[in-house]
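Visitor: I would like to learn how to read a model of this kind, feature by feature. Could you take me through it slowly?

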Amino acid sequence: MDSALKAKTDNGANDGSWNTFRLGLAWVAITWFAFAPLGIWPLGWLSTIPLTFLVWRGNLEGRNPYRWLWIAGLVYWLITFYFIPIPHPLLWGGWLAVSIYLAFYTPLLVCCARVMHHRFRIPVPIAMAIGVTGWEYVRGIAFTGMSMVCLSHSQFKLPWLIQVADLSGAYTLTFAMALTGSSIALVWLTQNSKRWSYLAAAIAVPALVAGYGFWRLGQPAAINEGGASFNVTLIQGSIDTTFPSSLEEYRRIEEERWNHYRDLTLEARQRHPDSNLIVWPESQFIANDYLPDYEFEDWPEEDIQKALHAPVGYWSEATGYPRQFDTAVPMIVGTSCFGDSRVYNSALLVDQNGFHRQKYFKNHLVMFGEFVPGRNLFPQLQEMTPIGRGCTVGDGPTIIEVNGMYVAPNICFESTVPHLMRRYFNELADDGRKPDVLLNVTNDGWFYGTSCLDFHLACNVFRAVELQTPVFVCANTGFSADISEQGVLRQVGPRRDTGIIHISQPQLENRTSLYRTIGDVLPGSLAILSGLSALIGVLPIRFTAKASPPGEVG
């Protein structure tokens, strides 16, 4: 079988590079088809097959085979993150930079898995599962983290397959999928008795994952009969992100956006008069001209009243109180807060009197969207971009209490970072304020209805399972969603269209997960193994593993 994979060499004209590259391209195709826009989820379980061939072989073919694997990785990330430069031409640089960086994980994966198998005799499926999971974890923490499009995320619409995420995060399912795909490949590659052990693994691993999932789904969280509850309405507008070229255009866009969300909110109040909380997405409420990070006792009374009353007029117009409706309703809104040359991407509670007293400032900023790398050394880089001076990092998690319910807000892509969400959740719980609901407010109008909406929704689904807590998503252009603590998509808004999602959420009994307790111990350990193996692979200590003869595994 191995000989069938080898290229024929004709006076050096063909050095076998094409065979390595085409296996890399096969991995690109299978993996890309598993995700949106096609979303053929079974292919996610097969995505490691082409790379398994490269790991199993005695020697990689061709000159600079890892360079060709890097090129394959570059192709994958360019076509996966094609949406990054849509809003503005200057974001092409960010798209290329991110793709070039992420492409290195493909040759690193093959290198470390080959070292584990050929030097340390670890079976190929286990070596591949360690490598895929380990580098996925590294990708999620390095350079602020990029945890979108994990292999496990291709399964996010299947609650019975994703419940294992409560054991050790989404990485648990990634490990199982990589192990399964590589075992299938070894069934094909081997011809001796070991074939049956690989076949058994290829059947048993998915069966165990599904069995655990069905068992876990049969244990829904109990309702706290004496606890609080609330009816929340998520307002999903649909306004694509654009960058005005003049002050007049900026004012026109702001006015259109405000009218758009106000009209949707008034419609929602007509349809759901029992709402006791309304939520707007990130950056959609009128920006404030002051910094609401204050201690009241340090302020003169005149300044306190000015700060507190600033949003009253906007809140009254948006909710129709008291002109159109007799009852007042609080809002959680995404907005910007300014002060002392700082800008904070914020989620604020505007209470039933139109005042703000609770807020959350975003902590995990998006590279090229909210800050530019190197801006401290080269401030002119920031000014050249459409984001201007960028945003300032917040100071930790916040609980917003509404009608006796604890709501833990996060903004935009913070929900794509599992270790951040876990840490914040545990900090709040240890402080006696365990969240009843995680609320993600986001402006995905940057992505014009592309696959990024699916990728972001998948992350929110896995955060619900990992932390065993319902997640509400309020997203401009979609996907707004009501996600149960088991990752079930109970309601989902439309793609690049307006929607109103009304949720009646009772308070649930405390429910925990192993992931909340142990965190990233397992994927972190696999990342260390992967990194050490890759380091050994690039050290100037050469080795040549003999190709596996037919019927055997090298």
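Visitor: How many residues apart are Arg252 and Glu256, and in which helix do they lie?

Guide: Helices and strands here are DSSP runs numbered from the N terminus, a helix being H or I over at least four residues and a strand being E over at least two. Arg252 and Glu256 both belong to helix α12 and lie 4 residues apart, about one turn of the helix. This is a predicted model, in which local features need pLDDT of at least 70 and side-chain atom pairs count only at pLDDT 80 or more, while totals for chains, interfaces and linings use all residues. Residues are numbered from 1 along each chain as its sequence is written, and side-chain values use heavy atoms, with hydrogens and water left out.

Visitor: What do the side chains of Arg252 and Glu256 form, and at what distance?

Guide: They form a salt bridge, with the closest N and O atoms 3.1 Å apart; the term stands for a side-chain nitrogen of Lys or Arg within 4 Å of a carboxyl oxygen of Asp or Glu. The count by this rule is 14 salt bridges. Another of them links Asp482 with Arg490, where the closest N and O atoms are 3.0 Å apart. Salt bridges with shared partners also join Glu249, Arg252 and Glu256 into one network.

Visitor: In what order do the strands of the open sheet run?

Guide: Strands of a sheet pair through backbone hydrogen bonds, either parallel or antiparallel. Here two strands pair if DSSP finds at least two bridges between them. The open sheet has 6 strands in the order β6-β7-β8-β9-β10-β11, with mixed pairing. β6 (400-402) and β11 (489-492) stand at the edges with a single partner strand each, so one side of each has no neighbour in the sheet. Strand β10 (residues 481-483) runs antiparallel to β11 and is joined to it by 3 bridges, and Ile483 stands opposite Leu489 in β11.

Visitor: Which helix packs on the sheet?

Guide: Helix α17 (residues 452-467) does, touching β8 (437-443), β9 (471-476), β10 and β11, and its direction makes about 25 degrees with that of β10. Contact means heavy atoms within 4.5 Å, and axes are lines fitted to C-alpha atoms, for helices over the stretch in contact, with angles running from 0 to 180 degrees between N-to-C directions.

Visitor: How many disulfides does the count come to?

Guide: A disulfide is a covalent bond between the sulfur atoms of two cysteines. With the rule that the pair of cysteine sulfur atoms be within 2.5 Å, the count comes to 0 disulfides. Cys452 is in none, the nearest cysteine sulfur, that of Cys412, being 8.2 Å away. Cys452 is also buried, at 0% relative accessibility, and Cys474 is buried with a relative accessible area of 0%.

Notes: Buried means under 20% relative accessible area, exposed over 50%, partly exposed in between (1.4 Å probe, protein chains only).
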